[in-house]
Amino acid sequence: MFDGVRRSAAQPLFWVCLILVVALAAGYLMRPQGGRANQAVRSSLRTTPDGVAALARAIERLGRRTRARMTPLADAKPVRGTVVLLQPVSFASPREVRALLNHVRAGGTLLYAPRYAAAQNRGAVRWPLMDSLGIRFRTLPLGEALREAEDLETRWADHRLASDLPAPGPAAHGVRLASDGDTAATLPPPVTDTLLTAVDEDGTEWIGAAVLRIGDGRAVIVSDARPLSNEYAANDPLAILAIRAVLGYTPESDTVFFAEYHQGIRSDVSSAQVLADFFLGNPAGRALGHVVAVCVLALAFWGMRFGSPTPAIAPPDRERRSPLEHVSALGDLYRQSGADGTAALLMLGRLARSVRRPPPRDVDEADALLGALDSRPGADAPLAPVRRALHADPIDLPNIAAGIDEHLSRRKTT
């Protein structure tokens, strides 16, 4: 086993594979931070349980184009159609909120689910877009927040978007409108069509989903985007409600844009670009690339052949030998080493193979072979010169070879 390992270690292919394995392991250990998400990201580009790729593909199959918007909502090319903003990781700035509301007033649609976050001693966080729309989260009691419980009972409102839907499941969050007594909103109280009502333990009603009519457009508000995620969308009727709203409020000529910029995705980067950025723009990646390059160059020089070991054509001053000269030189080598008897027996092995007999192992067996092959006895027998050369002192190897050749050539002609 150890001999096999040592032989493998002597091959360049073994070292190539070893370098690749080490480079992959080092690349994994030194991979850029952010490869794993510690919070739910409602991105249409994610097929993980927390993403909303299933929602985007369902909308696409039902006749509306979908695109991932990688740019901010302000200082960028305006869009037509529907903007989907589900529990954004980064909140929209005041300028982006203004641009988004102008888009809705002009006849566009917004599908919005704010991200719940608790502010210290001040209830739930009020994001700028929530302030502008005039909606507030129900502040979760500490026990519900810790166990992430869905303690709100829900029921559908009498609306065409909610008709014939299965009974909704319990909800974890609810919102209320500024028109219910909060005057901090930056917009006049919008006309509201409630789609889903949530009731807490005290019997207080909250909004689980609603349509806010703003100007010529609409904002569809969902209190929690978890039912729209890949993990729950197949079994939660709230996902069907969201798809119905997008299809109903988006003309066929418009597009549904998923705001990926606010999910932390700044550009549509391929895997090849990510790998190139790691090896070219990251210090650890550049160091790893240099090590791999040096190892590959070392292997290339190690396995490189500098010319052929034997020329394909003999140079003019080194003409090749004839077969007889080759045999004579080989005989001289055997004679100098004191093994001319062995050489003679090896030559006679060719003669034995021609008649399908075992090769001779000593001089007696060689004499028996020659006697069996002679067609007539005596000094004039065809193989008599071979016998005399075998018993000469020293053994005459060239005559043995010549006699064998002559005998075999006569057999072919007869």
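The buried residues of helix 3 (53–61) pack against strand 1 (65–69), strand 2 (81–86), helix 7 and strand 12 (255–259). Buried denotes under 20% relative accessible area, exposed over 50% and partly exposed the range in between, with a 1.4 Å probe and protein chains only. Ala53, Leu55, Ala56, Ala58 and Ile59 are the residues of helix 3 that are buried. Contact is defined as heavy atoms within 4.5 Å. Helices (H or I, at least four residues) and strands (E, at least two) are DSSP runs, numbered from the N terminus. Helix 3 is followed by glycine 63, which has a positive phi, near 110°.

The model is predicted, with local features requiring pLDDT of at least 70 and side-chain atom pairs counted only at pLDDT 80 or more, while totals for chains, interfaces and linings use all residues. Residues are numbered from 1 along each chain as its sequence is written, and side-chain values use heavy atoms, with hydrogens and water left out. The protein contains 14 helices and 12 strands. Of its 414 residues, 38% are buried. Among contacts between residues at least 6 apart in sequence, 62% join residues at least 24 apart.

Two packed helices are described by the angle between their axes and the distance between the axes. Axes are lines fitted to C-alpha atoms, for helices over the stretch in contact, and angles run from 0 to 180 degrees between N-to-C directions. The axes of helix 3 and helix 7 (residues 237–249) are 10 Å apart, at an angle of about 45°. Helix 3 and helix 7 are therefore oblique to each other; angles under 35 degrees count as roughly parallel, over 145 as roughly antiparallel, 65 to 115 as roughly perpendicular and the rest as oblique. The crossing of helix 3 and helix 7 is right-handed, where the near helix is turned clockwise from the far one by less than a right angle, a left-handed crossing being anticlockwise. Leu55, Ala58 and Ile59 of helix 3 meet Ala239, Ile243, Val246 and Leu247 of helix 7. This contact comprises 7 nonpolar, no polar and no charged residues. In this classification Ala, Val, Leu, Ile, Met, Phe, Trp, Tyr, Cys and Pro are nonpolar, Asp, Glu, Lys and Arg charged, and the others, Gly among them, polar.

Helix 13 (residues 384–391) and helix 14 (residues 397–413) have axes that come within 8 Å and cross at roughly 160°. The two helices are therefore roughly antiparallel, and their crossing is left-handed. Val386, Ala389 and Leu390 of helix 13 make the contact with Asn399, Ile400, Gly403 and Ile404 of helix 14. By class, 5 nonpolar, 2 polar and no charged residues take part.

Serine 44 lies in the loop between helix 2 (12–29) and helix 3. Its relative accessibility is 14%, so serine 44 counts as buried. Beyond residues up to four places away in sequence, serine 44 touches Val52, Ala53, Ala56, Ala68, Phe258 and Glu260. The side chains of serine 44 and glutamate 260 form a polar contact of 2.4 Å, the term denoting a pair of N or O atoms within 3.5 Å; within protein, one must be able to donate a hydrogen and the other to accept it, and residues adjacent in sequence count only if both atoms are side-chain atoms.

Aspartate 216 is located in the loop between strand 10 (205–214) and strand 11 (217–222). With 62% relative accessibility, aspartate 216 counts as exposed. Apart from neighbours within four places in sequence, aspartate 216 contacts Val104, Arg105, Ala106 and Gly107. The C-alpha atoms of aspartate 216 and valine 104 are separated by 7.0 Å, although these residues are 112 apart along the chain.
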